Amino acid sequence: MKKRDIELLYRSLDDDLNPGEQAELEQALSLSAEFRAEQERLLKIREGLSTQEHQFDPFFDARVMQRIASSSRSASMVNLIESLHLMFRRALLVGSVAGLLLLTLNFVDGGEISLRAAFGMSAQETVYVMQTPLESVME
Amino acid sequence: MEPSALKRSRADISNPTSDEELIALAKVGDNDAFRVLVKRYQNQVASTVIGMLGDSSETDDVGQETFVRFHRALTDFRGESGLGTYLTRIAINLSLNELKRRRRRRNFFVSDDQVVVENVEAKSDGLGFEEKEMINRSLKALQPDHRAVIVLRLIDGYSTRETAEILKLPLGTVLSRLARAQDRLRSIMEPYYRGAR
């Protein structure tokens, strides 16, 4: 069997052959019993593939709908987390800007950047706050 | 019409509502309408997915995921291609991804070496169960890219041109892959047919 004949055979099944090629294929088939047997085998394989019937297990549609429902729920949760993240990011940004503004104002006003200036505390109060352990405040 | 093309057109016709109407309803949140679409196309998707992956545990999962992806993309679906073609495209891509995953895990459920065709009783008359089983086994020995063209063209019954569109490949590439895949199938099946003589 010639490679060219096999090529023509495949193409005759999936594409169009021009009249010359068609005649060439028919002649090759008429001359070789082996080639005709090969054609028959190929057609059987193709028939075997084309008559396949595949199905999913029963209640496939119910499983799909369940999966869609659960993926919608998880999508809602993701949206909520993203919204919270966005909200807190904004709050953090606004807080930082406000703090920076406050420190700048204190610096302009008092000429220093310190806790005392930032919170408007006296020097005595600042020392008290810095020296008092957190646990005693909690008690 | 080829048998496989007939099979494709044999969508569930028990519900007379058209795909377009059902899609429009599903877009506004009608789950019952979507469910009818699932029932209508599940066999077509099964044919693609099981053809690609064999009858394995992942097929149901890939089939479900095909419809979940379609559901997510409902608002973008404009129906430029038919729904069947659209779902087949998703199913074939998910199946190819699954085959890649299997390859990475190195646990292909069958490989070229494991395809045994000699020890099944051959029958020379008509296509028996064994012969179909052999063809199925041989199909699993093909490379994923070659398997995809065989599944679309010969199992799902798409034309060569439609197969090229679904796989986004030039027509010539599809034709050469089809030829090489059939050549491989023929050579794998040869011992079986030799035994049938």
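This report walks through a predicted model, moving from the fold of chain B to the cores, the aromatic pairs and the surface.

## Ground rules

Residues count from 1 along each chain as its sequence is written, while chains are lettered from A and ligands numbered from 1 in the order in which they are written. Because the model is predicted, local features need pLDDT of at least 70 and side-chain atom pairs count only at pLDDT 80 or more, with totals for chains, interfaces and linings using all residues, and side-chain values use heavy atoms, leaving out hydrogens and water.

## Chain B at a glance

Chain B has nine helices and zero strands. Helices here are DSSP runs (H or I, at least four residues), strands are E runs of at least two, and numbering starts at the N terminus. Read from that end, the order of elements is α-α-α-α-α-α-α-α-α.

Of its 197 residues, 50% count as buried. For this label, buried is under 20% relative accessible area, exposed is over 50%, and partly exposed is in between (1.4 Å probe, protein chains only). Chain B exposes about 9,700 Å², with carbon and sulfur atoms supplying 46% of that area; areas come from the Shrake-Rupley method with a 1.4 Å probe, and for residues only the protein chains shown count as cover. Among contacts in chain B with a separation of 6 or more, 66% come from residues 24 or more positions apart (contact: heavy atoms within 4.5 Å).

## Two nonpolar cores

A nonpolar core here is a set of buried Ala, Val, Leu, Ile, Met, Phe, Trp, Tyr and Cys residues joined through side-chain atoms within 4.5 Å. The largest one has 58 residues, and those touching the most other members are Leu49(A), Phe34(B), Met52(B), Phe67(B), Phe70(B), Leu83(B) and Ile150(B). Helix α3 (residues 31–53) of chain B gives the most to this core, at twelve residues. A second, separate core has ten residues, including Ile6(A), Leu17(A), Leu25(A) and Leu29(A).

Take Phe34(B) as a case. Setting aside residues up to four places away in sequence, Phe34(B) touches Val64(A), Met65(A) and Ile68(A) on chain A, plus Ala26(B), Phe67(B), Phe70(B), His71(B) and Leu74(B) on chain B.

## Aromatic pairs

Rings of Phe, Tyr and Trp (its six-membered ring) pair when their centres lie within 6.5 Å; planes under 30 degrees apart are stacked, over 60 edge-to-face, and the rest tilted. Over all chains, that gives six aromatic pairs. One of them is Phe60(A) with Phe67(B), edge-to-face at 5.9 Å centre to centre and 65° between the planes. Phe60(A) sits in helix α4 of chain A and Phe67(B) in helix α4 (residues 58–72) of chain B, so this pair joins two chains. Phe60(A) is buried at a relative accessible area of 1%, and Phe67(B) is buried at 1% as well.

Phe70(B) and Phe77(B) are also an edge-to-face pair, 5.6 Å centre to centre with 85° between the planes. Phe34(B), Phe70(B), Phe77(B) and Tyr86(B) make up one aromatic cluster. Phe77(B) lies in the loop between α4 and α5 (83–105) of chain B, yet it counts as buried, at 7% relative accessibility. Beyond neighbours within four places in sequence, Phe77(B) contacts Ile23(B), Lys27(B), Phe70(B), Leu83(B) and Tyr86(B).

## A buried glutamate

Glu65(B) is in helix α4 of chain B and is buried, with a relative accessible area of 14%. Not counting residues up to four places away in sequence, it touches Arg67(A), Arg72(B) and Leu94(B).

## Out on the surface

Met77(A), Leu80(A), Ile81(A), Leu84(A), Met87(A) and Phe88(A) form a nonpolar surface patch, with about 620 Å² of accessible area together. Patch residues have over 30% relative accessible area and no salt bridge; like charges are joined within 9 Å and nonpolar side chains (Val, Leu, Ile, Met, Phe, Trp, Tyr) within 5 Å. A salt bridge is a side-chain nitrogen of Lys or Arg within 4 Å of a carboxyl oxygen of Asp or Glu. Phe88(A) belongs to helix α4 (residues 60–110) of chain A and is exposed at 53%.

## Two positive phi values

Most residues other than glycine have a negative phi. Phe59(A) has a positive phi of about 65°; it lies in the loop between α3 (33–50) and α4 of chain A and is exposed at 65%. Lys168(B) has a positive phi near 55°, sits in the loop between α8 (160–167) and α9 (171–196) of chain B, and is exposed at 67%.
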